[in-house]
Amino acid sequence: MSKVLVAYFSASGVTAKVAGKLAETIDAKLYEIEPEQPYTNDDLNWQNKMSRSSVEMNDKNSRPAIKTSVDDMDQYETVFVGFPIWWYREPSIIDTFMESYDFSGKTIIPFATSGGSGMGESTNILQSIAGDAKVVQGKRFSSNVSLDELNNWAKEWL
Ligand SMILES: Cc1cc2nc3c(=O)[nH]c(=O)nc-3n(C[C@H](O)[C@H](O)[C@H](O)COP(=O)(O)O)c2cc1C
């Protein structure tokens, strides 16, 4: 079986929990996309137009720095990419991640958690960044998704 990576960003722990369950149920390697500068509660205040997340998400060119990198991305053929939905799309640190590696020939499977909204534009944006990869339509999960539900969904690509 080819090696599988579950890469995720999580600002407040919800996506981290789902990503951990996913990696566990499909026996994949887990990697956290950790910001060089962690997000504080003030940074995450979407009601404040001047908060860090608002400023970053208003600028399509924003690319927040990531603290560590994946050890030998070449070994993975399938990469699940998890994130919270921010303003109906992926947080811009996910764009940093997608630009940091050559994903040609790999399959990218986005997944997300959110307050209720779906994947929005995120799948299309990820595909536009990872030109030569195959980005499949991702799925939004609730915070208490079961191992079985994640396994049933993920096995389509394994
Ligand atoms: C800046 C910001 C923007 C958000 N925008 C949305 C949104 O557009 N739609 C939605 O349903 N939830 C939105 N949320 C809620 C998060 O997607 C949700 O709480 C998510 O599960 C958090 O995941 P995490 O704990 O892994 O960071 C937003 C949260 C933040 C901090």
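User: Is I93 buried or exposed, and what is its relative accessible area?

Analyst: This is a predicted model, in which local features need pLDDT of at least 70 and side-chain atom pairs count only at pLDDT 80 or more, while totals for chains, interfaces and linings use all residues. Residues are numbered from 1 along each chain as its sequence is written, and side-chain values use heavy atoms, with hydrogens and water left out. Buried means under 20% relative accessible area, exposed means over 50% and partly exposed lies in between, with a 1.4 Å probe and protein chains only. I93 is therefore buried, its relative accessible area being 0%.

User: In which helix does I93 lie, and with which residues is I93 in contact, leaving aside its neighbours within four places in sequence?

Analyst: Helices (H or I, at least four residues) and strands (E, at least two) are DSSP runs numbered from the N terminus, and I93 lies in helix α3. Contact means heavy atoms within 4.5 Å. Leaving aside neighbours within four places in sequence, the contacts of I93 are F9, I33, E34, P35, P64, A65 and I66.

User: Why is α3 described as largely enclosed by the rest of the structure, and what covers its buried residues?

Analyst: Helix α3 is largely enclosed because seven of its eight residues are buried. The buried ones are S92, I93, I94, D95, T96, F97 and M98. Their cover includes β1, β2 (29-32), α2 (52-58), β3, β4 and α4.

User: What is the relative accessible area of D95, and which residues is D95 in contact with, leaving aside neighbours within four places in sequence?

Analyst: D95 lies in helix α3, and its relative accessible area of 3% is why D95 counts as buried. Leaving aside neighbours within four places in sequence, D95 is in contact with R63, R89, E90, I125 and I129.

User: How are α3 and α4 oriented to each other, and which residues make the contact?

Analyst: The axes, which are lines fitted to C-alpha atoms (for helices over the stretch in contact, with angles from 0 to 180 degrees between N-to-C directions), come within 9 Å for α3 and helix α4 (residues 122-129) and cross at roughly 30°. Angles under 35 degrees count as roughly parallel, over 145 as roughly antiparallel, 65 to 115 as roughly perpendicular and the rest as oblique, so α3 and α4 are roughly parallel to each other. The contact is made by I94, D95, M98 and E99 of α3 and I125, L126 and I129 of α4.

User: How are α1 and α5 oriented to each other, and how do the residues of their contact divide by type?

Analyst: The axes of helix α1 (residues 14-26) and helix α5 (residues 147-154) come within 9 Å and cross at roughly 65°, so α1 and α5 are roughly perpendicular to each other. V18, K21, L22, E24, T25 and I26 of α1 make the contact with L147, L150, N151, W153 and A154 of α5. Ala, Val, Leu, Ile, Met, Phe, Trp, Tyr, Cys and Pro count as nonpolar, Asp, Glu, Lys and Arg as charged, and the others, Gly among them, as polar. On that basis the residues divide into seven nonpolar, two polar and two charged.

User: Which residues touch the most other members of the largest nonpolar core?

Analyst: A nonpolar core is a set of buried Ala, Val, Leu, Ile, Met, Phe, Trp, Tyr and Cys residues joined through side-chain atoms within 4.5 Å. The largest one has 30 residues, and β1 (3-8), β3 (76-84), α3 (92-99) and β4 (107-113) each supply at least two of its residues. Apart from it lies another core, of 19 residues, including F80, V136, F141 and A154. Those that touch the most other members of the largest core are Y31, I33, M73, F97, M98 and F103.

User: Where is A7 found, and which residues does A7 touch, not counting those up to four places away in sequence?

Analyst: A7 is found in strand β1 and counts as buried because its relative accessibility is 0%. The C-alpha atoms of A7 and E32, which are 25 residues apart along the chain, are separated by 5.8 Å. Not counting residues up to four places away in sequence, A7 touches Y31, I33, F80, V81, G82 and F97.

User: What is the phi of D27, and what is the phi of D72?

Analyst: Most residues other than glycine have a negative phi. Phi is positive in both, near 60° for D27 and about 55° for D72.
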